[in-house]
Amino acid sequence: MQQTFKLHKFVPDDLQSVMQINRVCLPENYTDFFFMDLYQRFPETFVVAEENGEIAGYIMCRIEVGLSNYGFGGLIRKGHVVSIAVLPQYRRKGIAQAVITRALEGMQYYKAKQCFLEVRVTNEAGILLYKKLGFEVTRTLNGYYSDGEGAYVMTKRL
Ligand code: ACO
Ligand code: ZN
């Protein structure tokens, strides 16, 4: 199928659209300062998809230093997917897959060796998406979310 969306790095003009998509799609919401801080520190891993002249989805990430999620070795740089969402009317067109793939390239630019994220244990779409991209469950965090639901930590080597 013909790809109908385009990717570009987040720019400050995208802020209101991205915050709106975040509010519509996820219960975890953040201040404008939080979005802009991640953009200023890690612009290569803050990616948006545009279709019909509007922002349809985004991914924003952070680079962290920590232990390997596979449980051996010393400190490494890891890319953390903080938030990803696609507006309902634009789903199942490959947008999430495309923005993650672009963000993984940005993580490699920042010399990250692994990428990880947390996902609700009931988020079937998210879990299937990440498995398709080669992520595997490396940990379970009971009661991770403020409503008490648990999370899987899913990790991929870069
Ligand atoms: N059911 C089953 N498999 C799915 C689904 C679904 N609803 N959605 C995606 N997948 C899997 C499929 O394997 C799909 O490939 P296919 O369409 O060829 O079968 C593959 O993932 C790629 O799907 P995309 O089209 O790239 O995914 P989409 O653009 O629709 O976005 C997303 C997926 C981000 C999970 C979207 O449903 C969404 O925004 N959900 C609400 C917000 C959310 O859950 N975000 C993730 C939270 S975790 C975090 O942010 C770190
Ligand atoms: Zn997280």
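Visitor: Which elements each supply at least two residues of the lining of the largest pocket?
Guide: In this predicted model, they are strand 4, helix 3, strand 5 and helix 4.

Visitor: And where does the largest share of that lining come from?
Guide: Strand 4 provides it, with seven residues.

Visitor: How much space lies in the largest pocket?
Guide: The space comes to about 1,100 Å³. The pocket is lined by 34 residues, and those closest to its centre are Asn 123, Ala 125, Gly 126, Leu 129 and Tyr 130.

Visitor: How do the residues of the lining divide into nonpolar, polar and charged?
Guide: There are 20 nonpolar residues, six polar ones and eight charged ones.

Visitor: Turning to the core, which residues have the most contacts inside the largest nonpolar one?
Guide: Ile 59, Ile 100, Tyr 130 and Phe 135 have the most, in a core of 48 residues. Elements giving two or more residues to this core include helix 1 (15-25), helix 2 (32-41), strand 3 (54-67) and strand 4 (75-86).

Visitor: Which element gives the most to this core?
Guide: That is helix 3, with eight residues.

Visitor: What does Phe 135 touch?
Guide: Leaving aside residues up to four places away in sequence, Phe 135 is in contact with Ile 100, Leu 104, Cys 115, Phe 116, Leu 117, Tyr 130, Met 154, Thr 155 and Lys 156.

Definitions and conventions. Residues are numbered from 1 along each chain as its sequence is written. Chains are lettered from A and ligands numbered from 1 in the order in which they are written. This is a predicted model: local features need pLDDT of at least 70, side-chain atom pairs count only at pLDDT 80 or more; totals for chains, interfaces and linings use all residues. Side-chain values use heavy atoms; hydrogens and water are left out. A nonpolar core is a set of buried Ala, Val, Leu, Ile, Met, Phe, Trp, Tyr and Cys residues joined through side-chain atoms within 4.5 Å. Buried means under 20% relative accessible area, exposed over 50%, partly exposed in between (1.4 Å probe, protein chains only). Helices (H or I, at least four residues) and strands (E, at least two) are DSSP runs, numbered from the N terminus. Contact means heavy atoms within 4.5 Å. On a 1 Å grid over the protein atoms alone, a cavity is a set of points where a 1.4 Å probe fits but cannot get out, and a pocket is an open set with protein on both sides within 12 Å along at least five of seven lines; lining residues have an atom within 4 Å of a point. Grid points are joined across faces, edges and corners, and a volume is the space filled by probe spheres set on the points. Ala, Val, Leu, Ile, Met, Phe, Trp, Tyr, Cys and Pro count as nonpolar, Asp, Glu, Lys and Arg as charged, and the others, Gly among them, as polar.
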